[in-house]
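Please open the model in a viewer and keep the selection panel at hand.

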Amino acid sequence: MGMGVMGCCTFSSDDIVIKSPNDKRLYRVIKLENGLTALLIHDPQVYPQGPPHHSSNLEQEEEEDCEAVEEEKEEEGDVKRKEEGGASETKKAAAAMCVGIGSFSDPLEAQGLAHFLEHMLFMGSTKFPDENEYASYLSKHGGSSNAYTEAEHTCYYFDVKREFLKGALERFSQFFVSPLMKSEAMAREVQAIDSEFNTVLQNDFCRLQQLQGHTSSPGHPFNKFSWGNKKSLDDAKKKGINLQEQILKLYRDNYHGGLMKLVVIGGESLDVLEHWVSELFGDVKKDPQVNLEFKAEGPIWKAGKLYRLEAVDDVHILHLAWTLPCLQEHYLKKPEDYLSHLLGHEGRGSLHFYLKARGWVTSLDTCLSGMDCSSVAYIFCMVIYLTDSGLEKMFEIIGFVYQYIKLLSQMSPQEWIFRELQDIGNMDFRFAEEQDQDDYASQLAENLLYYATEHVIYGDYVNESWDKELIEYVLGFFRPENMRIDVISKSLFKSEDFQCEPWFGSHYTEEDISPSLIDLWKNPQEINVSLHLPAKNDFIPRDFSIRSDVLCIDTATTSYPKCILDEPLMKFWYKLDSTFKLPHVNTYFSINLKGAYDDVKSCVLTSLYLDLLTDQLNEILYEACVASLGTSFSLSLDKLQLEVCGFNDKLPALLSKILETIKSFLPTDDRFEVYKEDMERAYMNTNMDPWSYSTYLRDQVLLQKFYTVDEQLHVLKGLSVSDLKSFIPEIFSQAWPFAWQLSEEETINLAKLIQTNFTVPALPTKLVYKDHCICLPPNANLVRDATVKNKSETNSVTELYFQIEQAVKSESVRLKVLIDLFQEIVQEPLFNQLRTKEQLGYVVLCGQNCTCNVFGFYFCVQSSEYNPIHLQGRLDNFIDGLEELLEGLDDDSFENYKGGLMAKVLEKDAYLTCETNRLWTQILDKWYTFDCSKKAAEQLRSIQKEDVINFYKTYLQQSSPKRRRLATRVWGCNQRFKRRLHEARRFARALSLKSLKALLMCKSLKTLQEAEEARPESVQVIEDLAAFKMSSKFYGCKRCQKVTPLKS
């Protein structure tokens, strides 16, 4: 494409952006004549051996499409030759465009239009008219993309294999130059908007957000329906509005250079990146940089009102919101962060600590993010999860909130607290870990809209100057008459008096708050003595030394972890970080818990123990978390996982406190009852999402031992605190720690600390629980049906799971890579066919699954329009056509897919936790293949197209005797389709009919597909799961016969 005059760069600087001294990337800010601002980032780790040669002479660049295609083919050949030469870890390239227009710009007569426009930009351009050209190009070259629409901006972003950045940018740039937006594509994409909306239709927080918009003042920018759905867009058409004209007008009026912020991350030089951006984005429409303004007179909501919203989940949530002025201009001082830090604090003296001790709340959080921060107003939210007793004390809880606000006013803002936040922000900035490239690009593109250019990175961290008066000014808005109260609960809801929010159909009531209550909140008579400011944070680090620098160890000897302690009670792995060179440490523990998964009761008691232990530790863990030293507990069968990650200076002190607490902890009666109630509620809310439910149903079939939610809930209701107290003493047995970035001496000291606190006999290997995966028989064609748990849920899900083979160490690397390559090839065509063309639903995906080291592959579709049988039919149709698709791949396309996967396999770990997780998985699985990426790359090079076709024919093709399939189907709230299916089966069994023709005689069946699915001889419906599993074989058990593996 030729570069026009508008591609001229009117401004360029390499010295503006403030970056961390540890950041080795180079940054350049340019501004094109059309007003577009771009941040160019040269990342030297994208091409560790140095960037490829590119001509810097514009006249020498190929400008014709045919020449560009030839250049791309040559480039792909170069890439292939490089990959054949050897494996080296690299990073991807990425880009993001943030446009300063969002849902606030929706016309009232076509709500959701900005979101609809976001979708339409993916549907082809004048230069690249195929609707899936952009997605297909990224898929072939190891990339991905996404976009989102907020109140005042829309962000588009992608990542791609490093060599194909320019090709991706060429396609991406056309979003903002000449999108097609064809009427026939729009007609289909309306359904995608509707499907996306239906995925959040049963989400309580989305319902609350829309209720707040619905009940805001008429004409206010908040008073809109930002999601959009089929009804909102169809209603516009019924009113005579031409949607295509409206969306084109929205695009022409707002998608211009003055409102666009672009970020490009690549390994090329800044000069080359600048050349590409000038060339490819120079034809973006020119307009000055004038940010859109939205006027709002008067308050957002009516004062003195309480809204009760009927919940979907079993929850009690108290949501308080105060309207603040827009604070964007004060981002260097962040007064809202100071107040959020104190109002949301969880240490001793805080609101959270006091209300939790009363047994009224389980969590309290404060937040300002996303739609809450706009040029119109900032909405400061406090989200409080209540217990049953807390719901009854709701107004008293609000009273304590205002006592704490009065405390903050009386004490006046404290500079030492600000300095703590300032120190934490500065150290986080100085030692910031890298992010995934596409996440980093989208974050910076958004920041360019709201921060001064020099602060595009620093602005998120900085607390530049102390401003007591500004904090007092903002605190002054925390008044009862400026507060909105929402309560989300199924309890205390008078269904006969409800109103109905028109878009989500949510039931709600609006009530007046007693004037006497408001007066009491305005000026509390006293402040409870238990409420006070937090103490100084002892976990803020002071020592930032890098252990690998201090110890001067040869980095070649620190590539992989080594076991420095191997005893019956504990096996300790250690690795000194010499890659990221930050004063961070990751310490992981896997602790075997004796008998924790022996039966349902033990399983539930273990979960209760972990919840109560975390509750006991919360004050300490919160203080450490504020100082960027995070802790997480999790439970996997009979193993307790503990992770402590962050700055290494104070980690030993924190770990010591954690282990001391674990050693001595016993639950109290009152906390036991609170968490028993909370766990009951969690069980009640499990599987409310149909997609998650389908996965649950699959695992329930595959796993030898699986305790259902209903079984666990039944047991939980009969438990007492004495049951837990008698269960705890024998629970600990073995520990498997893993430490990064400490010295070996420090690591050994940690080991001694653990040994001191775990003076228990080692658990014999035979008592360590080992789960097993079912070995589905050859030709298995199984179906598991269930109805949605939420009887208002319209979404249905069909998942087709194909069992492959058990992962045997010597064979597993090649098989996994083969499955990954198959996924690389089929995922974009699947999405394009079933999502874009057929518009079955918003969720269309496929992927690898590994259950107890048994490989599988699944296809999944979620739809609010179609029943599971129809979805299964369309999936079957797609899968049946895969042989033709695979056979039709030309050599260049196949090599592109291999190259894209190679980029993912060899992608450099972006940050310490990525590396830790990768190596920790090898330790937990006891494979110890720490160079698995290199081994995978070696296997990938040898895989040919015939191998992929053979894989498909062996494991997925319908005629293969080795195909083993499990279909899990979750039926939406309209159950008539399921009744048809059962009627058909009963009819067929009763008449002993075996022919498809005979089945069609059943009047309940209306399609050939439904009849085919109902054939009793072709499908085994799992109705008695216990009996089915009793008669089945399991991998790892003596009576399981291994299915013959695919030959390499």
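In what order do the seven strands of the open sheet lie? The order is 1-2-3-7-4-6-5, and the pairing is mixed; two strands pair if DSSP finds at least two bridges between them. Helices (H or I, at least four residues) and strands (E, at least two) are DSSP runs, numbered from the N terminus.

This is a predicted model, in which local features need pLDDT of at least 70 and side-chain atom pairs count only at pLDDT 80 or more, while totals for chains, interfaces and linings use all residues. Residues are numbered from 1 along each chain as its sequence is written, and side-chain values use heavy atoms, with hydrogens and water left out.

**The open sheet**

Select strand 1 (9-13) and strand 5 (144-149), the edge strands, each of which pairs on one side only. From one strand to the next, the twist averages 15 degrees; axes are lines fitted to C-alpha atoms, for helices over the stretch in contact, and angles run from 0 to 180 degrees between N-to-C directions.

Next, select strand 4 (residues 93-99) and strand 6 (residues 154-160), which run antiparallel and are joined by seven bridges. Here methionine 97 stands opposite tyrosine 156 of strand 6.

Contact means heavy atoms within 4.5 Å.

Move to strand 8 (residues 305-310): five of its six residues are buried, so strand 8 is largely enclosed by the rest of the structure. Buried means under 20% relative accessible area, exposed over 50%, and partly exposed in between (1.4 Å probe, protein chains only).

Show strand 14 (residues 507-512), which runs antiparallel to strand 8 and is joined to it by five bridges; glutamate 511 in strand 14 is the bridge partner of leucine 306. Then show strand 12 (residues 483-489), which runs parallel to strand 8, also with five bridges. In strand 12, valine 487 is the bridge partner of arginine 308.

**Serine 340**

Select serine 340 in helix 10 (residues 335-343). Why does serine 340 count as buried? Its relative accessibility is 17%. Leaving aside neighbours within four places in sequence, serine 340 is in contact with His345, Thr366 and Phe380. The side chains of serine 340 and threonine 366 are joined by a polar contact of 2.7 Å, that is, a pair of N or O atoms within 3.5 Å; within protein, one must be able to donate a hydrogen and the other to accept it, and residues adjacent in sequence count only if both atoms are side-chain atoms. Phenylalanine 380 is 40 residues away along the chain, yet its C-alpha atom is separated from that of serine 340 by 8.4 Å.

**Aspartate 638**

Continue to the loop between strand 18 (629-636) and strand 19 (639-647), where aspartate 638 is found. Is aspartate 638 buried or exposed? Aspartate 638 is buried, with a relative accessible area of 2%. Its side chain reaches the backbone nitrogen of tyrosine 769 at 3.0 Å. Not counting residues up to four places away in sequence, aspartate 638 touches Ile591, Asn592, Leu593, Ala596, Tyr597, Val768 and Tyr769.

**Helix 31**

Finally, select helix 31 (residues 932-942) and colour its buried residues, Cys932, Ser933, Ala936, Ala937 and Leu940. They cover an arc of only 140 degrees around the axis, which puts them on the same side of helix 31; the arc is that of the directions from the helix axis to the C-beta atoms.
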